[in-house]
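This report concerns one protein model, presented below with its sequence.

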Amino acid sequence: MNRLVEFSLRQRLLIVGIFAAMLVAGAIGFWNLNIEAYPDPVPPMVEVITQTQGLSAEEMERNVTIPIEVGMAGIPHLTAIRAISLFGLSDIKIQFSYDLTNEGAKQQVINRLSQLPPLAGGAQPTLSPTSPVGEIYRYKISAPPGYSVMDLKTLQDWVLQRRFKRIPGVIDVTGWGGKLRTYDVVIDNDRLAAQGVSVGQVLAALGKSDGNVGGQTINFGAQAAIVRGVGLIQSVSAIQNVLVGTANGQPILLKKRGACRDRQCAAARHRRV
C-alpha cells in the first residue's frame with residue numbers, strides 16, 4: 001500500500017489522466033445505459049389494481065383489499081403481500097420467490113382472482129403489467145381555470161392514454177384520479193307511483209335501450225343486406241326518450257315534465273316520469 005501511494009504521488013499526471021479517462025468512460029456508459037435491466041433481476045411480482053367510485057380508503061381496505069389479500073394467501077412460493085388503500089383505489093403487490101417465472105406468478109394470481117366472491121360496488125380487480133423496475137414515468141395533468149377534474153379525466157382516458165400507448169416500448173398507461181363523466185337519472189317516486197311504474201322497470205328499460213342488436217341477413221337475388229337494430233344511447237335526448245312502459249295505450253317516457261301552459265301541451269299523448 002505504501003508503494004502504491006508513493007507511486008501515485010510521484011506520477012501525478014498519470015493518475016490524473018487515468019481518473020479523467022474513467023470519468024469520461026463512466027459518462028459514456030451512463031448515457032448509453034438502458035432505462036431498465038433486462039431480463040428483470042428481481043423476483044416475480046404481480047400488482048393487482050382495483051378501482052371503484054364512491055368508496056373511502058377505509059371501505060376500500062375492508063371490502064376490497066382485505067378480501068383479495070385473503071384470497072391470495074396460500075399461493076405456492078408466495079413471499080410477501082404489500083397493499084395500500086386510497087379513496088377509490090386498492091393497490092396490492094404480491095411477491096414470489098425465484099422458483100416461479102413471471103408468467104407462472106401471473107397465472108397463479110389470475111386463478112385466485114377468479115375464485116373471489118363479488119366485491120363491493122361491482123369492483124373488478126385487474127393486473128398491472130408493470131414490474132418493480134418497469135415504471136419509468138409519472139405525470140400530472142393540470143389546466144387553466146375553467147377545466148374541472150372531470151374534463152381532465154376525460155382528456156386522460158380518451159386522448160393522452162391512447163396516444164401514449166401508441167409509443168413503441170410503452171406497455172400500459174395507468175390513470176388514477178378525477179371523476180368519470182356519467183349521466184344520472186333522478187327518479188321521482190311520486191310520479192312513478194302515479195303511473196304504476198317501479199324502479200326495477202326503469203332500470204330494465206335503460207339496460208334494454210342501451211345496445212345494438214344483430215340480426216340475420218335478407219337476400220335480394222345475388223345480394224344480401226345485414227339486419228341490425230341500433231339502440232345505443234349516444235345523447236341525453238336518447239335517455240329522455242327511453243320507453244319505460246305504457247298506460248291506457250299511451251307510452252310512458254323517461255322525461256322530465258316541463259312547464260306546460262297551453263292546452264295542446266297539457267293534452268300531450270306522452271306521459272312522462
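## A pocket and its lining

How many nonpolar, polar and charged residues does the lining of the second largest pocket have? By class, there are seven nonpolar, 12 polar and three charged residues (Ala, Val, Leu, Ile, Met, Phe, Trp, Tyr, Cys and Pro count as nonpolar, Asp, Glu, Lys and Arg as charged, and the others, Gly among them, as polar). Among the 22 lining residues, Q51, K153, G175, W176 and G177 are the closest to the pocket centre. At least two lining residues each come from β1, β4 (126–128) and α5 (149–165).

## Basis of the model

The model is predicted: local features need pLDDT of at least 70 and side-chain atom pairs count only at pLDDT 80 or more, while totals for chains, interfaces and linings use all residues. Residues are numbered from 1 along each chain as its sequence is written, and side-chain values use heavy atoms, with hydrogens and water left out.

## Helix α3

Helix α3 spans residues 57–72 and bends by about 35° at T65 (the angle between axes fitted to the seven residues ending there and the seven starting there). Buried positions in α3 are M60, V64, T65, I68, G71 and M72 (buried means under 20% relative accessible area, 1.4 Å probe, protein chains only). These buried residues pack against β1 (45–51), β2 (78–86), β3 (89–96) and α4 (102–114).

Leaving aside neighbours within four places in sequence, the contacts of I68 (heavy atoms within 4.5 Å) include V48, L113 and P125.

Technical notes
Helices (H or I, at least four residues) and strands (E, at least two) are DSSP runs, numbered from the N terminus. Buried means under 20% relative accessible area, exposed over 50%, partly exposed in between (1.4 Å probe, protein chains only). On a 1 Å grid over the protein atoms alone, a cavity is a set of points where a 1.4 Å probe fits but cannot get out, and a pocket is an open set with protein on both sides within 12 Å along at least five of seven lines; lining residues have an atom within 4 Å of a point.
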